[in-house]
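Hello,

Here is the structure I promised to pass on to you. Have a look at it first, and then read on for what I found.

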Amino acid sequence: MADDLKKGLEGVLVAESDLSSIDGDAGRLIYRGYPIEALAAGASFEEVLYLLWYGHLPDEGELAAFTEAMAAERSVDPAILETVRSLADAGEEPMAALRTATSMLSATEPEGEADAEDLEASLRKGRRITAKIPTVLAAFERYRQGEEPLDPDPALGLAENFLYLFTGEQPDPVAAETFDQALILHADHGLNASTFTSMVIASTMADVYSAITGGIGALSGPLHGGANQDVMEVLIEIDESDLEPRNWVEQATEEGRRIPGFGHRVYNVKDPRAKILRERSAELAEEGDSKWYDITTTLEAYLTDEKGLPEKGIAPNVDFYSGSVYYQLGIPIDMYTPIFAMSRSGGWIAHVLEYQRDNRLIRPRARYTGPEEQAFVPLQER
Ligand code: CMC
């Protein structure tokens with residue numbers, strides 16, 4: 001065995017993919033060749049899901065049929081909603097409730113869809129999971145507010161319907177558009193930890209439900225999707241402290257503290273998604289309270305130079321501005337990572353199917369560093 005150990009698999013190529021590509025030096029992200037900026041400005045989240053899953057941007061007829069089919073799959077079995085209710089009542093985290101409910105969704109699978117080797121069936125399953133995640137999350141939120149869930153509205157797009165189910169009100173167009181854009185920006189990002197987790201599970205030819213449930217678990221950690229919640233908690237900490245934001249970040253970096261929402265395994269410059277979300281945050285600040293925008297931009301200015309290049313080695317990633325954008329949309333902080341999962345399920349499913357088309361079991365090795373030989377001592381003699 002070659003002994004070139006790559007801790008954290010940094011820089012290791014394990015698959016070919018047509019789905020998304022990151023240029024970490026140029027700060028460029030594309031989905032199937034389309035720059036993220038163009039998709040965020042011109043497409044809907046459903047168009048992006050179609051692009052990832054079917055390989056091309058849909059025409060009007062294809063999009064209408066796809067959107068209608070997904071909208072028809074939003075309802076969630078009452079037995080699963082009962083579990084969501086009990087988790088909300090028990091004070092469970094929404095990310096844990098989502099993980100549990102996603103796993104349970106396989107029990108409501110229509111007959112004849114069980115074969116994991118039927119990739120067309122796997123895509124249908126994936127589409128159903130993506131359609132139902134917003135319903136699960138909105139139900140969780142309503143239960144913990146002491147309210148009953150609302151019925152999904154098939155006339156609304158995925159983003160707009162989620163905001164409607166979540167708040168009980170028709171979302172204003174700016175909120176719906178901002179939220180839809182945030183979903184587009186989070187949909188795919190190469191072989192990040194959660195996508196790779198889903199692929200590892202799928203490489204055993206396990207089913208899509210197992211792969212997506214595993215992806216949700218991997219995304220929940222603070223080094224990955226959990227960072228968006230940490231960012232908002234830090235912004236609130238700064239706001240409530242006696243320190244000016246600049247002094248806070250100066251002190252935090254001197255103490256060697258990690259600043260959530262900064263740094264990335266692949267980007268050496270500012271994440272292009274953070275640039276787009278910063279613009280959205282600026283727009284929301286103009287309409288309402290500019291406090292969060294001011295704190296975030298001060299932190300960014302301290303950590304990067306005037307060209308946005310990382311002066312202290314780290315630049316903002318997608319999570320840095322998404323937190324304050326969601327906060328300004330009135331979304332509770334512990335929902336930010338579940339919302340990331342709502343979007344990234346699209347990428348997980350696309351990668352799982354792409355990998356299973358030419359599957360090879362993912363099975364790396366570790367360099368053994370334990371003792372080579374020990375004499376076994378029976379339990380009674382130890
Ligand atoms: N604050 C302060 N210093 C940092 C940060 C940070 N946020 N991120 C990295 N560094 C420093 C780190 O201390 C290390 O310095 P040194 O070489 O002097 O020890 C250097 O940068 C390299 O860090 P690393 O941890 O070896 O790099 P990595 O590629 O393993 O980590 C990361 C990438 C995202 C885990 C890390 O940057 C981090 O912990 N960031 C904060 C959490 C975060 O924002 N996560 C979201 C990532 S992007 C979206 C997503 O994946 O969900």
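**Salt bridges and overall build**

E109 and R128 are both buried. Please keep in mind that this is a predicted model. The two side chains form a salt bridge, with 2.4 Å between the closest N and O atoms. E109 sits in the loop between α5 (94-104) and α6 (119-144) while R128 belongs to helix α6, so this pair ties together parts that are 19 residues apart in sequence.

K270 is in the loop between α12 (245-254) and α13 (272-287), and E300 is in helix α14 (residues 291-303), so parts 30 residues apart in sequence are tied together here.

Within helix α6 you will find R144 and E141, 3 residues apart, or about one turn of the helix. They also make a salt bridge, at 2.8 Å from N to O. R144 is partly exposed, with a relative accessible area of 30%, whereas E141 is buried at 5%.

There is also a network of salt bridges that links E82, R85 and E148. In total, the structure holds 15 salt bridges. The chain carries 33 positive and 67 negative side chains, and the centres of these two sets are 6 Å apart.

As for the overall build, the protein chain has 16 helices and 3 strands. Its radius of gyration is 22 Å, close to the 21 Å that the globule rule gives for 382 residues, so the chain is as compact as a globular protein of that length. Buried residues make up 50% of the 382.

Best wishes

Methods
Residues are numbered from 1 along each chain as its sequence is written. This is a predicted model: local features need pLDDT of at least 70, side-chain atom pairs count only at pLDDT 80 or more; totals for chains, interfaces and linings use all residues. Side-chain values use heavy atoms; hydrogens and water are left out. Helices (H or I, at least four residues) and strands (E, at least two) are DSSP runs, numbered from the N terminus. The radius of gyration is taken over C-alpha atoms; the globule rule is 2.2 Å times the number of residues to the power 0.38. Buried means under 20% relative accessible area, exposed over 50%, partly exposed in between (1.4 Å probe, protein chains only). Lys and Arg count as positive and Asp and Glu as negative; His and the chain ends are not counted. The place of a charge is taken as NZ of Lys, CZ of Arg, CG of Asp or CD of Glu. A salt bridge is a side-chain nitrogen of Lys or Arg within 4 Å of a carboxyl oxygen of Asp or Glu.
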